[in-house]
Amino acid sequence: MLDIDRTYMQRALSLAARGRGRTSPNPMVGAVLTQQGAIIGEGYHAWAGGDHAEVAALRAATARGAVCYVTLEPCTHYGKTPPCTETLIEAGIAKVVIATYDPNPLVAGRGVQRLREAGVSVQIGVLEEEAVRLNEAYFRYIQTGQPFVLLKAALSLDGKLATRTGDSQWITGELARHRVHEMRNAVDAVVVGIGTVLKDDPLLTTRLGGDEGRDPLRVVVDTRGRLPLSAGLLRSGSQPPLVAVGPGVSQARLRRLQERGARVMVLPPGDGGLSLPALIDELGRRQITSVLIEGGGKLATSALQERIVDKLVLMLAPVLIGGQKAPTLLQGDGVEKLTEALRVKHLTVERIGDDLVLEGYLTDPVAPWMP
């Protein structure tokens with residue numbers, strides 16, 4: 001792999017990331033066109049249904065004989081837009097450098113095959129790991145039908161979510177809280193438990209300033225249908241919340257929630273509440289590719305125990321709260337042996353203001369598709 005290939009592909013990945021939170025259920029894709037060692041055009045997939053990255057890049061230049069660097073295998077099928085392979089071939093592109101194959105069964109190697117059949121030189125695998133990480137939600141969803149699940153929690157250094165009286169605003173600083181809004185801006189759905197709603201009455205909207213933010217689907221896990229009809233969730237956001245309830249909630253109560261604008265979903269029971277795997281399956285059927293779980297220890301504990309979490313994001317504040325009755329992230333009895341403990345993989349640490357942000361994976365990253 002040449003350094004110049006890495007440089008141009010890194011630029012394409014940076015462009016692709018501009019579409020974060022806007023392209024679902026499609027992937028983020030960036031493209032860079034070069035000729036004689038200079039960039040002559042670039043583009044990215046800005047929103048679902050909009051121009052694909054290759055098309056956006058070609059609008060900026062006459063590309064006959066050029067090299068196209070693209071972060072994901074070009075598509076070969078007609079969807080909301082024509083096949084990108086045909087657009088590249090018709091433009092006279094001489095070579096296409098691709099970061100990784102597209103696991104979508106409609107593509108899955110066909111893009112590379114079509115380009116080669118048309119006489120276009122193809123190189124694949126440049127910055128593949130970075131490309132898969134960028135689209136980890138898409139890769140999870142397209143290969144399993146389930147969304148990629150992140151669990152976020154703000155904690156003191158001694159692992160407390162709040163004081164013994166429930167005071168939790170604000171454990172972390174302003175910069176860490178801004179990061180949470182960036183996370184909401186990037187996912188399709190945010191999920192909280194009814195306990196968090198009853199305690200804090202959160203809006204769960206994205207507040208980044210200007211027109212930058214977009215609100216995800218807001219989901220409340222509410223086994224007994226206790227969501228107050230005056231809740232801020234019912235009076236805010238760009239789309240109505242989805243309330244997941246158990247089968248025992250009366251039809252009259254469901255009608256009242258729906259009259260207040262909520263969408264209601266009835267789920268089977270699980271350990272101590274609703275079945276979270278059933279919730280994740282249902283969100284996947286609704287083309288939700290990424291989910292951010294926020295809220296208190298009960299929901300976090302259930303999510304971790306039921307093994308639905310792919311990625312963990314812990315924001316640690318430089319404070320010590322103490323107290324046996326102060327709530328912690330993991331509740332219940334916990335494991336009996338260290339060999340049963342959940343192992344966090346690929347852990348990274350970042351400092352944001354006075355706080356630390358720890359990110360790691362509880363599941364193995366979805367492997368790139370190979371022919």
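Author: Gladly! Keep in mind that this is a predicted model. Let us start with the second largest pocket, which is lined by 33 residues. Among these, Arg20, Met28, Met183, Ala186 and Val187 lie nearest its centre.

Reader: What makes a residue count as part of the lining of a pocket?

Author: A lining residue has an atom within 4 Å of a grid point. The space in the second largest pocket is about 760 Å³, and α7 gives the most to its lining, with 5 residues. By class, that lining has 14 nonpolar, 9 polar and 10 charged residues.

Reader: Why is the other kind of space called a cavity and not a pocket?

Author: The word cavity is used because a 1.4 Å probe fits there but cannot get out, whereas a pocket is open. The count comes to 1 cavity of 30 Å³ or more. The largest cavity has a volume of about 40 Å³, and its lining includes Arg133, Glu136, Phe148 and Tyr361. That lining has 4 nonpolar and 4 charged residues, and no polar ones.

Reader: Which residues of helix α9 are called buried?

Author: Arg253, Leu254 and Leu257 are buried, so each has under 20% relative accessible area. They cover an arc of only 100° around the axis, which puts them on the same side of α9. What covers them includes β9 and β10.

Reader: What lies on the other side of α9?

Author: Gln251 and Glu259 are exposed there, which means over 50% relative accessible area. Just after α9, Gly261 takes a positive phi of about 105°.

Note on methods: Residues are numbered from 1 along each chain as its sequence is written. This is a predicted model: local features need pLDDT of at least 70, side-chain atom pairs count only at pLDDT 80 or more; totals for chains, interfaces and linings use all residues. Side-chain values use heavy atoms; hydrogens and water are left out. On a 1 Å grid over the protein atoms alone, a cavity is a set of points where a 1.4 Å probe fits but cannot get out, and a pocket is an open set with protein on both sides within 12 Å along at least five of seven lines; lining residues have an atom within 4 Å of a point. Grid points are joined across faces, edges and corners, and a volume is the space filled by probe spheres set on the points. Ala, Val, Leu, Ile, Met, Phe, Trp, Tyr, Cys and Pro count as nonpolar, Asp, Glu, Lys and Arg as charged, and the others, Gly among them, as polar. Helices (H or I, at least four residues) and strands (E, at least two) are DSSP runs, numbered from the N terminus. Buried means under 20% relative accessible area, exposed over 50%, partly exposed in between (1.4 Å probe, protein chains only). The arc is that of the directions from the helix axis to the C-beta atoms. Contact means heavy atoms within 4.5 Å.
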